[in-house]
Amino acid sequence: MSDDTKTLVAWRPTGPEELDLVRASGWRRWPPRLPDQPIFYPVLNKDYAIPV
């Protein structure tokens, strides 16, 4: 990794079924979204991503 490479952490609200699919992929990919799901949009703020 070069000095100019940075890691960006993006947060996304995820339900338990979807989390199981992400886990099954080895934490490498999100499953395809369903037709009724909104467009994937990660957020950069953990507090915003975690519902109260």
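Trainee: What counts as a salt bridge here?

Mentor: A salt bridge is a side-chain nitrogen of Lys or Arg within 4 Å of a carboxyl oxygen of Asp or Glu. The general idea is that side chains of opposite charge can pair when their charged atoms come close. By that rule, the count in this structure is one salt bridge. Before we go on, keep in mind that this is a predicted model, where local features need pLDDT of at least 70, side-chain atom pairs count only at pLDDT 80 or more, and totals for chains, interfaces and linings use all residues. Residues are numbered from 1 along each chain as its sequence is written, and side-chain values use heavy atoms, with hydrogens and water left out.

Trainee: Which side chains meet in the salt bridge?

Mentor: Those of Asp20 and Arg23, at 2.8 Å from N to O. Both residues sit in helix α1 (residues 16-24), three residues apart, which is about one turn of the helix. Helices here are DSSP runs of H or I with at least four residues, strands are runs of E with at least two, and both are numbered from the N terminus. The protein has two helices and zero strands.

Trainee: What does Leu19 touch, leaving out residues up to four places away in sequence?

Mentor: A contact means heavy atoms within 4.5 Å. With those neighbours left out, Leu19 touches Thr14 and Trp27. Leu19 lies in helix α1 and is partly exposed, with 31% relative accessibility. Over the whole protein, residues 24 or more positions apart account for 47% of the contacts with a separation of 6 or more.

Trainee: Where is Trp27?

Mentor: Trp27 is in the loop between α1 and α2 (46-49). With a relative accessible area of 54%, Trp27 is exposed.

Trainee: What phi does Trp27 have?

Mentor: Here's the background: most residues other than glycine have a negative phi. Trp27 has a positive phi of about 65°, although it is not a glycine.

How values were computed. Buried < 20%, exposed > 50% of the residue type's maximum accessible area, 1.4 Å probe, protein only.
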